[in-house]
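This report looks at how parts of one protein chain are held against each other. Please keep the sequence and the 3D view at hand while reading.

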Amino acid sequence: MARPVAGGLAKAAAVLVLVQVLCMARWSDGVGVNWGTQLSNPLPGSTMVRLLKDNGFDKVKLFDAEESILGALRGSGIQVMVGIPNDMLADLAGGGKAAEHWVKANVSKHVSDGVDIRFVAVGNEPFLTTFNGTYLNTTFPAMQSVQAALAKAGLGSRVKVTVALNADVYQSPTGKPSDGDFRDDIRGLMLTIVQFLASSGAPFVANVYPFISLYADPNFPLDYAFFQGSSSAVVDGGVTYENTFDANHDTLVAALRRNGFPDVPIVVGEVGWPTDGDANANPEYARRFNQGLLDHVASGKGTPLRPGVPVDAYLFSLVDEDQKSIRPGNFERHWGVFYYDGQPKYQLSLRSGNGAGTLVPAKGVEYLKKQWCVLKRDADLADQKVGDSVSYACGQADCTSLGYKTSCSGLDPRGNVSYAFNSYYQSNDQDDQACNFGGLATTTTVNPSSGTCRFIVQIVPADPTSAATASVAGGVATLLAALLLHRLF
């Protein structure tokens, strides 16, 4: 092949740079991330914002309007979707002053301070069937109230109101995306909400979880959950769906079309893959899924029913949250692309400024002492106090890495007990009394981590005067502890 002349090289380089810039811009437009805060010791807001920026995330979705987080986002240039928890819907549905006060304190104030708030998500998956209709009569009135309050504050055209919905609000009776429609029991309500979104130009926000499909159905084809092609593709007329994400997305597209709203924009509010707490939750699968998703978004191809329309999505989630409810499953505390301390779990090619495009860890993280709490060598596993202590520790702290085919499944019984003790000890900021357990435990400076099982060291709490007070899904955590005890002994 002939060597190009200097001018050709320059032109080629310019074209390459342009292509890279365009790809990065498209990626930036399409992928944000969820920032949850249900941790024993969250990283400081400033550290988290730097983590977002270092990794090229310029959109973030929040579940509440926390003052410290919104303050940290001031002047960052990161676009923000602020959430309103379900337990606030009834008050906001009353209209008038409640919504105005909320907008003034949580939107107007921060917008004027330089926070780029673009959306308010009123409620989080309020129509889940497990809620038994609790929020059916309050969600839409709350949306209307917040919209009216934003308009009164002069923000009606700048900040759009939407609601984050679970993908169970739409379905297909045949399993084919083209037959998609809204769930029969809420169809009228959904059409009212979609009309509201269409009239204001707000997006339909849907949370899509291929992992949950796999978790819920033992016969679900594993390769159909990912983006690399499937032997169990769904043929829908002239379209072949080789991954469940596109099929789910287009079921919503079909539902919107069927009801006269073909142009309502769609945002995937949550999508991701956990790394622990279940046999199919591990870093390998998480990297495979999330990289496939990112590549899919970056391609700009869209989905079969919306070709050429880049997918707009928020990864779930930024960091692990050790205080999340585990009612849906033990994996709930392991959705993070990063561990609790902002360290990457696996390599992922994101749009970032570090050359290689791989994940950038959090900077300036401060840890407590490098010491752990473990079972004493002379402790007898047959002692009833051991079982009672594990039950207590796992009822108060996070033991979801213990179990069948989890990251710590290779530990022996003594290792399992030590893991439970250390989890409790670290969640209590290494308080001396948190490593006693009736004289069964002791501290060590020798790291007991083994293989894929990480015995953590807690980070320095943002407020050193307050120890963590985790009452973590008490009943469910106690049930988990009972199951562990059955396995351990």
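## Disulfides

When the bonded cysteines of the protein are numbered in sequence order, they pair as 1-5, 2-3, 4-6. The model is a predicted one, and it holds three disulfides. The table lists them.

| Disulfide | S to S distance | Angle about the S-S bond | Hand |
|---|---|---|---|
| Cys373 and Cys435 | 2.1 Å | 90 degrees | right-handed |
| Cys394 and Cys399 | 2.1 Å | about -85 degrees | left-handed |
| Cys408 and Cys453 | 2.0 Å | about 85 degrees | right-handed |

Which parts of the chain does the link of Cys373 and Cys435 tie together? Cys373 lies in strand S15, and Cys435 lies in the loop between helix H12 (413–427) and strand S16 (441–444), so this pair connects parts that are 62 residues apart in sequence. Both Cys373 and Cys435 are buried.

In soluble globular proteins, nonpolar side chains tend to be buried together. Here the largest nonpolar core has 107 residues, and Leu73, Val107 and Phe204 have the most contacts inside it. Helix H9 (residues 244–258) supplies the largest share of this core, seven residues. Apart from this core lies another, of 27 residues, which includes Cys373, Ala393, Phe421 and Leu440.

What does Phe204 touch, leaving aside its neighbours within four places in sequence? Its contacts include Leu165, Phe182, Met190, Leu252, Pro265 and Ile266.

## Aromatic pairs

A pair of aromatic rings is described by the distance of the centres and the angle of the planes. Over the whole structure, a search finds 24 aromatic pairs. Phe211 belongs to helix H8 (residues 210–216) and Trp273 to the loop between strand S11 (266–271) and helix H10 (283–299), so the pair ties together parts 62 residues apart in sequence.

Trp273 also forms an edge-to-face pair with Tyr285, at 6.4 Å centre to centre and 85 degrees between the planes. Tyr285 lies in helix H10, so this second pair ties together parts that are twelve residues apart in sequence. Trp273 has a relative accessible area of 0% and is buried; Tyr285 is buried too, at 16%.

## Lysines over rings

Two lysines lie over the faces of tyrosine rings. Lys59 is over Tyr314, at 5.2 Å from the ring centre, and Lys345 is over Tyr339, at 5.6 Å from the ring centre.

Is Lys345 buried or exposed? Lys345 has 10% relative accessibility, which is under the 20% limit, so this lysine counts as buried. Lys345 is found in the loop between strand S14 (313–315) and strand S15 (372–375). A polar contact of 2.6 Å joins its side chain to that of Asp320, and the side chain of Lys345 also reaches the backbone oxygen of Gly336 at 2.9 Å. Not counting residues up to four places away in sequence, Lys345 touches several others, among them Thr275, Pro283, His334 and Trp335.

How values were computed. Residues numbered from 1 in each chain as written. Predicted model: local features only at pLDDT ≥ 70, side-chain atom pairs only at ≥ 80, totals over all residues. Heavy atoms only, no water. Phe/Tyr/Trp six-rings, centres within 6.5 Å; stacked < 30°, edge-to-face > 60°. Helix = DSSP H or I, 4+ residues; strand = E, 2+ residues; numbered from the N terminus. Buried < 20%, exposed > 50% of the residue type's maximum accessible area, 1.4 Å probe, protein only. Lys NZ or Arg CZ within 6 Å of the ring centre and 35° of its normal. Core = buried A, V, L, I, M, F, W, Y, C linked by side-chain atoms within 4.5 Å. Contact = heavy atoms within 4.5 Å. Polar contact = N/O pair within 3.5 Å; in protein donor to acceptor, adjacent residues only side chain to side chain. Disulfide = S-S within 2.5 Å.
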